[in-house]
Each structure stands twice: as C-alpha cells, then as structure tokens.
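Visitor: I would like to go through this model with you, beginning with the backbone and then moving to the packing. Shall we start?

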Amino acid sequence: MNISKDEAAKVAKLARLRLDDDKLALFAGQMDDILGHMAVLNELDTENVDPLYSPVAHSTPYRKDEAFKTTERSDVLANAPEDDGQFFIVPRIV
Amino acid sequence: MSDLTSLTLTQVRDKLAAKDVSATETTTTCIDRIAATEPSIKALLHYDPQNALDQAKALDAAGRKPEQTLFGVPLVIKDAICVKDAPTTCASKILERFVPFYDAFVIERLKSRGAVILGKANMDEFAMGSSTENSAFAVTRNPWDLERVPGGSSGGSAASVAAGQCFAALGTDTGGSIRQPASFCGVVGLKPTYGRVSRYGLVAYGSSLDQIGPLTRTPADAAAVLTAIAGHDPRDSTCSPSESSDYESELAKATDLKGVRLGVPEEYWGEGVDDEVRSACQSAIDSAAELGAEIVPVSMPHTKYAVATYYVLAMAEASSNLARFDGVRYGYRDPNAEELIDMYETSRTTGFGDEVKRRIMLGTYVLSAGYYDAYYRKAARVRRLIRQDYLDAFERCDILVGPVSPFTAFKVDEKTADPLQMYLSDIFTLSLNLAGLPGLSLPVGLGSVSSMPIGLQMIGPAFSESSLLCSAHVLAKAMPTMTNPSGLV
C-alpha cells in the first residue's frame with residue numbers, strides 16, 4: 001500500500017474537495033496508514049461468506065405509489081443559500 | 001450540584017408527578033446549572049433559556065396528562081438530531097445556519113411525553129470522532145477533569161448529563177458514540193438495537209450503523225427515555241415493525257441476577273487494556289457473580305478485524321451520505337463560486353473539517369472502481385463473520401461483558417495527530433454496531449490511577465433491551481455511587 005499525493009488528489013476530485021499540496025501530502029500519508037491497517041482483512045478467507053450490508057432482519061416494507069404533499073415549498077426553500085421563492089438558484093452550468 | 005439537579009430522572013419525575021416541584025422549577029434549576037458549568041465544559045452548541053422556560057410554563061399551565069411520562073423533565077439533544085426551529089449543525093460549519101422545519105421522530109415523541117428540550121449538545125463534526133475535539137465550534141471538556149476529553153462523538157450529551165445540566169440527553173452511536181463518552185463521563189449510555197429507534201430526522205453518518213439512544217444517570221432513567229422514544233416509524237424503513245416494550249415497568253421485576261449467564265470474551269481483556277480498567281471491570285463482574293450471575297468464558301475470534309471492517313464500511317457510507325452537502329439546498333455555499341462544480345468544491349472544502357474530509361476521501365477510495373471488491377465487499381463479508389461471533393456467543397450466554405474502552409478519558413490534544421490510533425481506541429464498541437446489537441455502558445467506579453470514570457459494557461442479543469436494562473439496573477445498585485464530577489465546583 002502506498003498512496004501517492006497524485007492518487008489522493010484524484011480521490012479528492014471525485015469527492016468534490018479541493019485540497020492544497022500540504023494537505024494532500026498529509027492526507028496521502030494518513031490514508032496510507034489507515035488503508036495499511038485495513039489490509040488485516042486479507043488474512044481471512046471469505047470466499048464463501050455472503051456480504052452483510054445491513055443488520056436489518058425484517059423484510060423491506062413497501063408503501064403505495066401515491067403522490068402526496070409532505071411539506072410546504074417555502075419550508076423547503078427556507079434554508080437555501082439562494083432561491084427565487086419558487087426554485088433553488090445555482091451558478092450557471094453551461 | 002443543587003438538591004434538584006443531583007436527582008435522577010425518575011426521582012425528579014416523581015417529584016413533578018407529586019407536584020412537589022413544577023416544570024418551571026426543574027427547568028430554572030437546569031438553566032442555573034448550565035450558567036454555572038457551561039463556561040467550563042462547553043457541552044452545548046445551541047441553548048435558548050427563554051424558549052426552555054416558555055416550554056415549561058406552557059406545560060405547567062396545561063397540567064400533566066397521563067401520557068406525559070416525561071412531564072417537565074429537561075433534556076438535551078445531540079446536535080445531529082433535528083429539532084424544529086432550533087439550529088442543527090452537526091458541529092459543522094457547513095450546516096452552521098441550518099434550521100430544520102420539522103422534528104425528528106424522537107423529538108416528536110419526547111415533546112408528546114412532556115419533556116422540555118433545553119438545547120443542542122456539542123459533538124464531533126458529523127459524529128466523526130472519539131473525543132468531541134472535531135467540533136467546528138468548541139472542544140467540550142470532561143466534567144471530571146477539565147484537561148481531559150469527554151469522549152465522542154456524543155461528548156456534549158455525556159458531559160451535560162454528568163454536570164447536572166439536564167436529567168438525560170439523547171446521543172447517537174455509530175461505532176460507540178454513546179457508550180464511550182458515557183464511560184468517560186461516568187454516566188449510563190444505551191445504544192439500542194439497530195432499528196429499535198427511528199432515525200427519521202437524524203443527520204446520517206453511517207446509515208447501516210447509526211442508532212439514537214439515551215445518556216442518563218441510571219439504567220432506570222435509560223429505560224424511561226427508551227420507553228418514550230422506541231417504536232415503529234414508517235418514515236424509516238429500517239425501523240423495526242415489532243412492538244417495543246414498556247422497559248421501565250419491567251425493571252421493577254429485576255431483583256437479582258440469578259439465572260443470568262454473563263459471557264466474558266477473552267479477546268476483550270488482552271494487551272492494551274489499562275490495569276485500572278481491567279481491575280474495575282473485573283470487580284463489577286465479581287459483584288455480578290455475587291448477585292447470582294453465572295460467569296461464562298467465551299471467544300469472539302474476529303474481534304481483531306472489527307476496527308478495519310467498521311472503518312471501511314462507515315467511511316464508505318459517510319462518503320455517500322455527505323455527498324448531499326453541495327451548497328445547493330441548505331448549508332454553506334461559497335459566495336464567490338462562478339460555476340456549479342466550482343461551487344460544490346469550494347463550499348465543501350470550506351464547510352467540512354479535516355476529519356470529515358479524511359473520512360469522505362477514504363470512503364470514496366474504498367468505493368472507487370478497482371478497490372470496491374478489495375475493501376468494501378470484503379469488509380461486508382467480514383461483517384457477517386463478526387455478527388456470527390455474537391450469535392455463537394449468545395448460544396452460551398445471555399449478556400456479554402467487557403470494558404467499553406481500553407483506557408479512561410485521555411487528555412485534550414493527546415491523540416489528535418494520529419487518526420489511526422484514535423480509530424483503534426474504539427475496538428470494543430464498534431463491533432456491535434456492525435452486528436446491529438444493543439449495548440450499554442454502566443459506570444463501575446473511578447480508576448485507581450487516573451481517578452476518572454470507567455464503564456462496563458454490557459451487550460445483548462438483538463431486541464434484548466429489557467433484559468439488558470434489568471441486569472444493569474440490578475448491578476448498578478452494587479456499584480460505587482458516582483458523586484459530583486470532581487472537575488466542577
């Protein structure tokens with residue numbers, strides 16, 4: 001395991017984070033340490049073990065596919081950094 | 001502490017029911033206690049005394065109704081749980097100005113039971129941490145020693161209860177975030193079975209691991225709060241449809257531990273556990289034996305893989321959950337961004353702290369093409385083996401016991417430079433989150449060297465909260481009384 005600064009930069013980009021060189025170097029080293037510890041999992045033969053993604057034992061409940069109003073638009077927009085009373089406003093995309 | 005704030009929740013509730021005190025009086029007393037202690041411990045992020053008094057006065061004016069089992073009892077809520085019209089920041093700058101327009105399920109329940117919501121407790125940012133040092137706004141101090149951390153991530157909740165600011169607090173536990181701070185601060189912390197308490201209105205960190213639970217002074221208090229907040233909620237599909245119990249009334253039947261088989265996993269007592277922790281926990285187990293419990297040695301062979309398994313899965317889930325913080329609908333937005341991707345990147349970079357960024361990056365890495373099978377799927381497979389360890393152990397015993405933490409509360413800044421060492425400190429708490437089981441931290445005295453509180457962890461099978469609380473209730477009576485925290489006047 002050897003996480004390079006470039007690899008950390010690639011991951012940061014995927015995660016929508018912008019980190020300076022010093023921080024990338026710091027995180028690369030720490031990620032290396034942490035992922036190195038996670039290599040302990042390779043000691044175990046898990047080929048015939050089914051993954052467990054959730055401890056929930058009950059079956060997934062379904063609800064009727066019905067449209068209904070849960071809240072007011074003004075409530076949803078109240079925390080928006082920018083809105084026009086109807087929609088969220090974001091910087092131009094194209 | 002005053003006569004009133006040193007009472008347990010059930011004691012003050014009895015006084016309220018008997019009309020010996022009013023909701024306004026209990027609330028005023030807590031407000032006074034907060035004023036006296038908050039400058040030292042910084043347990044709260046948001047606190048509005050007038051609002052709390054208004055709630056109390058309204059309760060007194062309306063009078064107590066039969067269903068209001070927590071009538072007039074002031075509580076504190078971890079800042080990851082939405083309370084209508086109160087800031088919910090998750091101790092993060094990215095949510096600094098977020099004010100929910102709805103109550104979480106647990107808050108609806110508490111309000112309908114007549115509780116007074118005093119304020120929001122400090123925490124590690126987005127519940128990521130073991131010391132409450134990762135909060136963007138303040139470092140909470142341990143009421144037993146102000147140089148030490150209260151634990152994390154529900155450190156504000158634990159410190160608030162220990163300091164007598166409130167009669168109970170809600171915390172959340174993804175990998176030990178209720179039990180470890182409870183242990184460090186000398187209070188009871190209960191992490192219920194995954195699905196026993198609705199997560200509706202909880203800001204998600206690791207969705208398959210997170211669970212809301214109480215921090216209190218006694219197991220009986222924990223039973224009272226759990227009775228109020230447990231139950232089915234169709235808005236959380238992972239919430240169990242099974243009926244919850246009246247945990248409180250069941251405690252009255254518990255008088256001894258006869259017939260209770262306590263399993264002691266050999267892996268929980270090995271190298272790295274401080275002697276004072278080992279000694280205090282062993283004394284508690286000896287007391288349990290005197291109360292009639294049968295002590296059964298058991299083995300949990302996959303314990304050494306729990307930290308790696310947990311962090312792969314928790315960080316993967318965190319990277320996905322925290323993708324929603326993009327500056328579009330709520331939270332911080334960089335005002336200078338000129339285009340959309342730039343806005344995402346600069347808002348997230350400014351809004352998140354380092355621990356959150358580190359976990360998001362690790363989560364993104366283990367989920368990325370080429371590494372998904374090696375890390376994420378592998379960890380999910382090991383998760384099943386860890387769960388199987390518990391199922392096997394519970395064939396031989398009813399409750400597992402061991403230390404909550406290998407050591408007592410450490411000093412502020414002592415572990416911040418080495419995140420891996422911080423992660424390793426969670427070794428005894430996080431495996432039961434992987435298995436979805438309930439766990440409780442019971443104060444068993446002060447360390448002979450550190451003079452800091454030590455917690456015994458009690459773990460039960462899924463949905464065994466009743467027997468877990470009953471056993472803790474009986475054992476607690478044989479444990480040293482936790483007096484006023486020595487770090488506060």
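Predicted model: local features only at pLDDT ≥ 70, side-chain atom pairs only at ≥ 80, totals over all residues.

Visitor: Where is Asp85(B) found?

Guide: Asp85(B) sits in the loop between strand S2 (74–78) and helix H4 (105–112) of chain B.

Visitor: And what is the phi of Asp85(B)?

Guide: Asp85(B) has a positive phi of about 65°, although the residue is not a glycine.

Visitor: Turning to chain A, what is phi near in Arg16(A)?

Guide: Phi of Arg16(A) is near 55°, which is a positive value in a residue other than glycine. Arg16(A) belongs to the loop between helix H1 (5–14) and helix H2 (21–38) of chain A. With a relative accessibility of 32%, Arg16(A) counts as partly exposed, since that class covers values between 20% and 50%.

Visitor: Back to chain B: is the peptide bond from Gly152(B) to Ser153(B) cis or trans?

Guide: That bond is cis, with omega near 5°. Ser153(B) is placed in the loop between strand S3 (116–121) and helix H5 (155–162) of chain B.

Visitor: Now the packing. At what angle do H10 and H12 of chain B pack?

Guide: Helix H10 (residues 306–321) and helix H12 (residues 354–367) of chain B pack at an angle of about 100°, and their axes are 7 Å apart. H10(B) and H12(B) are therefore roughly perpendicular to each other, as angles of 65 to 115 degrees count as such.

Visitor: Which residues meet there?

Guide: From H10(B), Tyr311(B), Val312(B), Met315(B), Ala316(B) and Ser319(B) take part. Their partners in H12(B) include Arg359(B), Ile360(B), Leu362(B) and Gly363(B). The residues of this contact divide into eight nonpolar, three polar and one charged.

Visitor: How many residues does the largest nonpolar core have?

Guide: The largest nonpolar core has 173 residues. Those with the most contacts inside it are Val106(B), Leu110(B), Phe126(B), Ile229(B) and Tyr390(B). H10(B) contributes the largest share of this core, eleven residues.

Visitor: What is Leu110(B) in contact with?

Guide: Leaving aside neighbours within four places in sequence, Leu110(B) is in contact with Leu70(B), Leu75(B), Ile77(B), Ala115(B), Ile117(B), Leu170(B), Ala228(B) and Ile229(B).

Visitor: Which residues does the second, separate core include?

Guide: That core has nine residues, among them Trp144(B), Phe407(B), Phe410(B) and Val412(B).

Methods: Residues numbered from 1 in each chain as written. Chains lettered and ligands numbered in written order. Heavy atoms only, no water. Axes fitted to C-alpha atoms, helices over the stretch in contact; angles between N-to-C directions. Helix = DSSP H or I, 4+ residues; strand = E, 2+ residues; numbered from the N terminus. Parallel < 35°, antiparallel > 145°, perpendicular 65-115°, else oblique. Contact = heavy atoms within 4.5 Å. Nonpolar A, V, L, I, M, F, W, Y, C, P; charged D, E, K, R; others polar. Buried < 20%, exposed > 50% of the residue type's maximum accessible area, 1.4 Å probe, protein only. Core = buried A, V, L, I, M, F, W, Y, C linked by side-chain atoms within 4.5 Å.
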